[in-house]
Amino acid sequence: MMKSFFYMPFLLLAVTAGSYAQDAASLVKKVKDKLDKVNDYEAAGEMKTNVSFMKVPAAQVKVYFKKPGRIKIKNEKGISLVPKGTVSISLNNLLGGQYQALEAGTDKIDGITVKVVKLLPLDENGEVVLSKLYIDEARLLILRAKTTTRESGTNELEMQYGKFTAYALPDKIIFSFNTQDYKLPKGVTFDYDDGSQQKKETGATEIINKGVSDEVFK
């Protein structure tokens, strides 16, 4: 009887932890399945840069994506500043690797209760160290994603959805990253002030699954 008394709590804890892990993995898989409906897209929109120490005009951009994880931003007009290495960190790439999914409680974004899931990459030498997803379970949409990398620090994506919800593609993306170690391209100068956080807002219209040429990514 004494053995049963001491062993049962550990058994219950093990079952509970396994169940939570399965729930997180199942939810992430459903989100990935929704994202996988998109083979490619082309989006045109306006990119606004909001950083205290730079005055950067809005840029007209085109964004191209093609499976399995190629993404490219092209300027049509104006200047866009994106840290090297962060463009490749898309939701499709985050969910395309091998990882362990762990539940991390709940939160609220714009009044919507979201489930928080941590993704721990199984590749210890990969660029991504940790990702945290804030998922709207009812719509199977990622409303926010925080990613910590080895080379580029931590960046955050915040998504707002509209007419492309069925494809899990946002109408508006707010991309934030730390600018303390960011180096301007040669020959580019701006008016400076004080600050360390940059936000980019991109609103776009998409052409989905119509085919994107490989030449775009060269």
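A polar contact of 3.4 Å joins the side chain of Thr149 to that of Glu127, and this report, which concerns a predicted model, starts from that pair. Thr149 belongs to strand 7, which covers residues 141–149, and because its relative accessibility is 5%, under the limit of 20%, Thr149 counts as buried.

Another buried residue is Lys34, whose relative accessible area is 14%. Lys34 is part of helix 1 (residues 2–35), and, when its neighbours within four places in sequence are left aside, the residues in contact with Lys34 include Arg139, Leu140, Leu141 and Tyr167. The C-alpha atoms of Lys34 and Leu169 are separated by 9.7 Å, although these two residues are 135 residues apart along the chain.

Turning to the strands, strand 4 (residues 99–109) pairs with strand 5 (residues 112–121) in the antiparallel sense, over 9 bridges. The two strands form a hairpin with 2 residues between them, and in the turn Asp110 has a positive phi of about 50 degrees. Ile109 stands opposite Ile112, which is in strand 5.

The search for aromatic pairs gives a count of 1. This pair consists of Tyr41 and Phe65, which are stacked, with 5.4 Å from centre to centre and 25 degrees between the planes. Tyr41 lies in strand 1 (residues 40–51) and Phe65 in strand 2 (residues 59–66), so the pair ties together parts that are 24 residues apart in sequence. Both Tyr41 and Phe65 are buried. A ring also takes part in a contact of another kind, for the charged end of Arg144 sits over the ring of Tyr134, at 5.5 Å from its centre.

| Residues | Closest N to O |
|---|---|
| Lys29 and Asp33 | 3.0 Å |
| Glu103 and Lys115 | 3.6 Å |

Lys29 and Asp33 both lie in helix 1, where they are 4 residues apart, about one turn of the helix; Lys29 counts as exposed at 51% relative accessibility, whereas Asp33 is partly exposed at 38%.

Asp214 is partly exposed at 37% relative accessibility, and a network of salt bridges links Lys66, Arg70 and Asp214.

In the salt bridge between Glu103 and Lys115, Glu103 is partly exposed, with a relative accessible area of 27%, whereas Lys115 is buried, with 16%.

Methods. Residues numbered from 1 in each chain as written. Predicted model: local features only at pLDDT ≥ 70, side-chain atom pairs only at ≥ 80, totals over all residues. Heavy atoms only, no water. Buried < 20%, exposed > 50% of the residue type's maximum accessible area, 1.4 Å probe, protein only. Contact = heavy atoms within 4.5 Å. Pairing = 2+ DSSP bridges. Phe/Tyr/Trp six-rings, centres within 6.5 Å; stacked < 30°, edge-to-face > 60°. Lys NZ or Arg CZ within 6 Å of the ring centre and 35° of its normal. Polar contact = N/O pair within 3.5 Å; in protein donor to acceptor, adjacent residues only side chain to side chain. Salt bridge = Lys/Arg side-chain N within 4 Å of Asp/Glu carboxyl O.
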